[in-house]
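Q: I'd like to learn how to read a few features of a protein model. Could you walk me through them one at a time?

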Amino acid sequence: MITEIRPRLIDAALTGHRAENENLRHSDNFLSDYDLWMHHRYKELLAQKIPSFVYASEEADPEVIGPDPDPDLCVLVDPLDTSELAVRGLYGYTHVLIYSRALARPVAAVVGDIFHHIQIYLAAMDDAGNDRALMITADGARYALDRPSQASLSDALVTNYLMRPAQRFQPLAGQQEFLKALSAPAGNGKSNGRIGVDFGSIGLCHVAAGFSDAMIEFAKGFAIWDLSPGHYILHAAGGIVTDLDGRDIPLDYRLNSMSDINKAMNTRQKFIAAGNDNLAREIQYTLHT
């Protein structure tokens, strides 16, 4: 999918032809021809690999694919995340999560980075029932993800999807106690804490890899297709994802029926994702909601 979509997006960026569509499902979100093409292409390719599944994509209502009217597997897809930046050639990501309704949990997730050398973040359940996370670069090098950050808040790089001025940035700027704690001198006497921007599931993958220390979302919440692939990958790497009250967010997304799946696709989750429990608690204590 990355190989197929990248040249189209680069062409869009260079020509300025961004092919924006009216978004009837999410009126405040950018939608392009490229999102819709990837939505249909994923459905086509997944059907070649999985005989029957529920296809739950950001771009359309959930539907059953294949001969089984009530398949076990639910495939959650965000075909093109940060698409308004992807058509500018800046950032672009693509998410797939495979969820077993019988096991009430994910069994595999892949997050693809379209423009960068570190290209694939993935997690899957192995034959012994253990969750494993990996990172793969464009030249095929593989790295196990099992050492997320052990930083404390004054040493941390914490990311947030802060791009929207009123919906996201202003609420972040109002978190004065959190920003004060992040700016406090660390053990070496320097102010090492940093705030950064990140996007959807890739932000949790960066925590899983130890590239960042935590990600927070307290304003609007993430949709399930933005959160769940990165949630599972971070879980498999040994990190933690909690709600704003400090409770672990379970991997059971309660996708028991088509009604449940439709409900889940219209629900948003606020969260703290961190490399370690102590950092998650430090952040939680400083956030006001």
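A: Happy to! Helices and strands here are DSSP runs, numbered from the N terminus. Keep in mind that this is a predicted model.

Q: With that in hand, where does Gly189 lie?

A: Gly189 sits in the loop that links helix H5 (176–183) and E12.

Q: Is Gly189 buried or exposed?

A: The general idea is a cut-off: exposed means over 50% relative accessible area. Gly189 has 53%, so this residue counts as exposed.

Q: How far apart are Gly189 and Phe218, in sequence and in space?

A: They are separated by 29 residues along the sequence, and their C-alpha atoms are 29 Å apart.

Q: Now a serine: where is Ser52 found, and is Ser52 buried or exposed?

A: Look at the loop between helix H2 (33–49) and strand E3 (53–57) for Ser52. Buried means under 20%; Ser52 has 13% relative accessibility, so Ser52 is buried.

Q: Which residues does Ser52 touch, leaving out those up to four places away in sequence?

A: With those set aside, Ser52 contacts Ile65, Gly66, Pro67, Asp68 and Pro71.

Methods
Residues are numbered from 1 along each chain as its sequence is written. This is a predicted model: local features need pLDDT of at least 70, side-chain atom pairs count only at pLDDT 80 or more; totals for chains, interfaces and linings use all residues. Side-chain values use heavy atoms; hydrogens and water are left out. Helices (H or I, at least four residues) and strands (E, at least two) are DSSP runs, numbered from the N terminus. Buried means under 20% relative accessible area, exposed over 50%, partly exposed in between (1.4 Å probe, protein chains only). Contact means heavy atoms within 4.5 Å.
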